[in-house]
Amino acid sequence: MTNVEVRSIAKNYGSVPVLTDISTDFTQGSFTSLLGPSGSGKTTLLRIIAGFIIPDQGNVAIGGNDVTRMPVWARNIGMVFQSYALFPHMTVNENVAFGLARRGIKGEESRKQVERALELVRLPGFGDRKPKQLSGGQQQRVALARAIVTKPSVLLLDEPLSALDRRLRQEMQVELIRIQKESGLTTIFVTHDQEEALTLSDKVAILDRGRIVQIGAPTEVYERPKTRFAAEFLGDTNFLTGTVVAGGIRLANGSTVAVDAPLPATGSEATVAVRPEKIVIRDVARGGKDTDRSNRVSATISSSVYAGTALTYEAAFDGLSFKIFAQNSDARPHSVGDVVELTWSPLHTVPLEAAA
Amino acid sequence: MPLDPANSTQLREPGGSRKPLPPWASTAALLVPTYGWLTLAVFLPLCTMFAFSFLTATPMGKAPIVFTFKQYRAFIDQPYLLGVAWQSLLMGFWTTFFCAVLGFFAALALVRATEGKVRETLLILVLLPFWTNGLVRVFSWTMVLREGGFLDYAIHSVWPGAGSVGFLYTRQAVVVGLVHGYLPYMILTCYIALVTIDNTIVEAASSLGARWWTILWKILLPMAAPGLISGSVLIFVPVIGSFMEPRILGGRVGVTMGTVIEDQFTQAFNWPLGAALSFTMLAVVLGIFATFSGVLRRGTAL
Ligand SMILES: Nc1ncnc2c1ncn2[C@@H]1O[C@H](COP(=O)(O)OP(=O)(O)OP(=O)(O)O)[C@@H](O)[C@H]1O
Ligand SMILES: [Mg+2]
């Protein structure tokens, strides 16, 4: 069931378009990440949904009601800010009770709900402290409790974890998923951390220069990127460009790469993407085990970076360079200069749409 | 040779003659010039005055000088002074009150409705009263407030039949003049308090369902309280002792502790009484602050 709906949203600052024709739905209870580089308009879209910014065009609907012209305070949203934005002159309890009081919930009922919310974010017993007396992670939990205690129609988070250090951040990611599932709130989460988006979300929307270039489940957007931008932004990718032939593309050097997906018309130019971890290196000299992967090229290892559990190789092939991620499971890592065979499946050869 | 740990540290620093100063020494070196000057400039005259307040007469003539407490009995010996003191406190209260209300909203408007160049210009305009001569400022009010003055003129140009509203030589006129003179302090202290409030705090409040009056009352006002308090302290104390505004704008009703004390120094040449009255008022003001600070601290501690 659709809970939040944005239709043909556009926003300009002066003559600069910041958002262009954004339309998408957010399903009831789903966790959606807005992912994109800095300046792509993530915050702007989130703030339009929240009501802090009025779009130049288009509509926002929450729970079936058009709220485009509704002020923020009337929208029943919950919002978590990167800077936490706790009220410094109030205790944790007072902070969390603030939204309840605005909805006329006071006294014993308010106290009970505040307590439950603080339990949900694992901060029971901290109610009488002032925000200053809490660590960054704890403050973020209070901000979360404050945002969800009112049972908002939608929970909006703008890079809530980016002020935390790596460890705490991973911990909070796990907590956030748990809390979101327990509360069942429709959640929209802004981030520019691709790993965070992939780990947390039911759906990832990739923004580029004010447009949603792709939206889908994490595996979908990662495994089947639609454009060069999406492929590049979500992790590393090898790009191969050639002419479309039956069942694949022919590269400039004459070798053919098989593609197991619909391709543009034969004869036209096309680019395919291959993730570095999908490529298997077969050591020709050492006679490594052959695989059934039907794409194969021979190449020369040109660099290798050792990182404990994994290795990153670069292999040169007719003026092209391949990036390959390999688990550190081979008897002996390949060294620079080794002539190897790179193999991968046509299933992992993803044709990309031509740039708009 | 036994290795002495103190020696071994020195060994690691071959050019060991430049030892850093101990922290207390550098702190003292930094503080002494300022605090030394403050002590000299503030406490020396204050102490002299305090000593004067226990004398029978100003120690400048030929009259014999004797130690006495009688100056501090002035409020008992001359009960009319109690009325004057009460009027002065009221005047201080109303001036501070109007400064607080106007100053808070002026600062709020500066912080939330202006930016960049406009804000800078407005801030400078706020400081204008500081740059004009106080006497000129106050006398200009007499031109406005007197019967047939600019105020009357302005009202009559809109509503010709209206009577005179000029209220020169009233306590209200004194408060108007004082508010004009001291408002910049309040605007500045409130501005400093408000400008540090992150906009996301206000946004967080409205995302939780707060409308503007709730944001004003529950967020901005309590968070700006330190500014309001320091502004009030800055204003209340000098207003109680002010004599120029009461004299010029108050006329016959403008008798305040400030004018009484000034008279002792300039007219009656009774410095000991003037000093004693000042210190009595200082004690009263400190008493008022002490009473309020407990209440305020509980209300605004961050
Ligand atoms: N008030 C404003 N006036 C003019 N331009 C603005 C304003 N706010 C945002 N922009 C511009 O709109 C674009 C999108 O900004 P937005 O804050 O939505 O980006 P973002 O995707 O959230 O980036 P980041 O990851 O850096 O937070 C940027 O190019 C920014 O410069
Ligand atoms: Mg942003």
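Contact here means heavy atoms within 4.5 Å. Buried means under 20% relative accessible area, exposed over 50%, partly exposed in between (1.4 Å probe, protein chains only).

This is a predicted model, where local features need pLDDT of at least 70, side-chain atom pairs count only at pLDDT 80 or more, and totals for chains, interfaces and linings use all residues. Residues are numbered from 1 along each chain as its sequence is written, chains are lettered from A and ligands numbered from 1 in the order in which they are written, and side-chain values use heavy atoms, with hydrogens and water left out.

**Select chain B.** Chain B holds 14 helices and zero strands. Helices (H or I, at least four residues) and strands (E, at least two) are DSSP runs, numbered from the N terminus. The C-alpha trace spans about 105 × 75 × 35 Å along its principal axes. Of the 302 residues in chain B, 37% are buried. Among contacts between residues at least 6 apart in sequence, 65% join residues at least 24 apart.

**Select residues 134–145 of chain B.** This is helix α7, with 12 residues. Its first and last C-alpha lie 17 Å apart, close to the 16 Å expected at 1.5 Å a residue (1.5 Å times one less than the number of residues).

**Colour its buried residues.** Pick B:G134, B:R137, B:V138, B:T142 and B:L145. Look down the axis of α7(B): they fall within an arc of 150°, so they line one face of the helix. The arc is that of the directions from the helix axis to the C-beta atoms.

**Show the cover.** It includes α6 (128–131), α8 (150–158), α9 (171–195) and α12 (244–250) of chain B.

**Finish at B:N133.** This residue caps the N-terminal end of α7(B). One of its side-chain oxygens lies 2.7 Å from the backbone nitrogen of B:L135.

Methods. A polar contact is a pair of N or O atoms within 3.5 Å; within protein, one must be able to donate a hydrogen and the other to accept it, and residues adjacent in sequence count only if both atoms are side-chain atoms.
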